[in-house]
Amino acid sequence: MTWIPGGLFRMGSDVHYPEEAPVHRVRVRGFWIDTTPVTNAQFKRFVKATGHVTVAEKKPDPKDYPGALPELLYAGSLVFSPMPGIRDLQDWSQWWDFRKGANWRHPEGPGSTLHGRDDHPVVHVAYADALAYAKWAGKDLPTEAEWEFAARGGLDGAEFAWGDELNPDGRQMANTWQGTFPVENLALDGYERTSPVTAFPPNGYGVLDMIGNCWEWTQDWFSTAHSPDVAKACCVPENPRGGPMEASFDPTLPAIRIPRRVLKGGSHLCAPNYCKRYRPAARHAEAIDTSTSHLSFRCVIREG
């Protein structure tokens, strides 16, 4: 783990996506954070010690999905699998496949394995799986504020975790998508999907892989915007915990009452033409029952 000294910083962004605004001052206390995301090798040890069965390995309960066809309720997870000839970038079903048998052991579904990927981030983990691992390890999941503060690496207000240039001197600083998403992946960074957690340079705090590669779970319930900045320095929130669970439900799915948490960091699928979320300020809503081939996590330990 890496010690993060804590302090005051400007959280969020006013120049990208509406859910990142407004920029506001936040203070966090010092904490320890995993230097890398939890890897397949580490998660394997957890499962061996506890017998944990992930959400993706269990058949969904029909009562949680009113109106769903019984034949569609099977154990599986979302796998990135773009169709040929994609035209509508608003229709994510053209590149996401809820694949039967896909889980952390079989990242692309039945027949795929973890061979050669022990040092890649574990994927296909829902929120409950990440939390179970954290508790087993004597740790916790980070809040959104803790995660963003650590990701910035001491560069308060910088666009990226390493400065204001995406590719300084032409160097690839994270595992993101180069080319036109989702039909052209140039893989200039050397990876088409996940990469080893130590493949790219650390940030200013010495933390690795917080940007790109895989999204990461945080504790906070998702909200459509940040709280406004306070007028006085004395009233800056310390160690905020986000908004209420009731505000996190997806308004486009009123019949399905599954709350959503905040994801941070972007992934290897983030591209300039579609999802410019390979930044510390970026945030995304994810239902707590969902797992995907580009979603992982890391843990923290708080002192006191």
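Q: Before counting salt bridges, what makes a pair of side chains a salt bridge here?
A: A salt bridge is a side-chain nitrogen of Lys or Arg within 4 Å of a carboxyl oxygen of Asp or Glu. The model is a predicted one.

Q: And how many salt bridges does a search of the whole structure find?
A: The search finds 19 salt bridges.

Q: Start with Arg 279. Which side chain does it meet in a salt bridge?
A: Arg 279 meets Glu 20, with an N to O distance of 2.7 Å. Arg 279 sits in the loop between β8 and β9, and Glu 20 in the loop between β2 (7-11) and β3 (24-28), so the pair ties together parts 259 residues apart in sequence.

Q: Are Arg 279 and Glu 20 buried or exposed?
A: Both Arg 279 and Glu 20 are buried.

Q: How accessible are Glu 144 and Lys 264?
A: Glu 144 has a relative accessibility of 2%, and Lys 264 has 0%. The cut-off for buried is under 20% relative accessible area, so Glu 144 counts as buried and so does Lys 264.

Q: Which Arg side chain does Glu 144 meet in a salt bridge?
A: Arg 283, at 2.7 Å from N to O. This pair also links distant parts of the chain: Arg 283 belongs to strand β9 and Glu 144 to helix α3, 139 residues apart. Arg 283 and Glu 144 are both buried.

Q: Which residues are linked with Glu 144 in a network?
A: Glu 148, Arg 152, Lys 264 and Arg 283 are linked with Glu 144 in a network of salt bridges.

Q: What general point lies behind pairs like these?
A: Side chains of opposite charge can pair when their charged atoms come close.

Q: Back to Lys 264. What does it touch, leaving out residues up to four places away in sequence?
A: Lys 264 touches Glu 144, Trp 147, Glu 148, Trp 215, Glu 216, Thr 218, Pro 280, Ala 281, Ala 282 and Arg 283.

Q: How far is Tyr 191 from Lys 264?
A: Their C-alpha atoms are separated by 20 Å, and the two residues are 73 apart along the chain.

Q: Switching to the helix. How many residues of α3 are buried?
A: In α3, 9 of its 9 residues are buried. They are Glu 144, Ala 145, Glu 146, Trp 147, Glu 148, Phe 149, Ala 150, Ala 151 and Arg 152.

Q: What comes just after α3?
A: Gly 153, which takes a positive phi of about 60 degrees.

Q: Which strands does α3 lie across?
A: Helix α3 (residues 144-152) lies across β1, β4 and β11, at about 70 degrees to β4.

Q: How are those strands arranged?
A: The 3 strands make an open sheet, ordered β1-β4-β11, with antiparallel pairing. At the edges are β1 and β11 (300-302), each pairing on one side only. From one strand to the next, the twist averages 25 degrees.

Q: How many bridges between β1 and β4?
A: There are 3 bridges between β1 and strand β4 (residues 31-33), in the antiparallel sense. Trp 3 has Trp 32 in β4 as its bridge partner.

Q: Which surface patch do those two Trp residues form with Met 1?
A: Met 1, Trp 3 and Trp 32 form a nonpolar patch on the surface, with about 280 Å² of accessible area together. Met 1 lies in the segment before β1 (2-4) and is partly exposed, at 37% relative accessible area.

Q: What about the pairing of β8 and β9?
A: Strand β8 (residues 260-264) runs antiparallel to β9, and 5 bridges join them. Arg 261 stands opposite Glu 286 in β9. Strand β9 (residues 283-287) is mostly covered, with 4 of its 5 residues buried.

Q: Last one: what does β5 pair with?
A: Strand β6 (residues 96-100), antiparallel, over 5 bridges. Phe 80 is opposite Trp 96 in β6. In β5 (residues 76-80), 5 of its 5 residues are buried.

Note on methods:
Residues are numbered from 1 along each chain as its sequence is written. This is a predicted model: local features need pLDDT of at least 70, side-chain atom pairs count only at pLDDT 80 or more; totals for chains, interfaces and linings use all residues. Side-chain values use heavy atoms; hydrogens and water are left out. Patches are made of residues with over 30% relative accessible area and no salt bridge: like charges are joined within 9 Å, nonpolar side chains (Val, Leu, Ile, Met, Phe, Trp, Tyr) within 5 Å. Accessible areas come from the Shrake-Rupley method with a 1.4 Å probe; for residues, only the protein chains shown count as cover. Helices (H or I, at least four residues) and strands (E, at least two) are DSSP runs, numbered from the N terminus. Buried means under 20% relative accessible area, exposed over 50%, partly exposed in between (1.4 Å probe, protein chains only). Two strands pair if DSSP finds at least two bridges between them. Axes are lines fitted to C-alpha atoms, for helices over the stretch in contact, and angles run from 0 to 180 degrees between N-to-C directions. Contact means heavy atoms within 4.5 Å.
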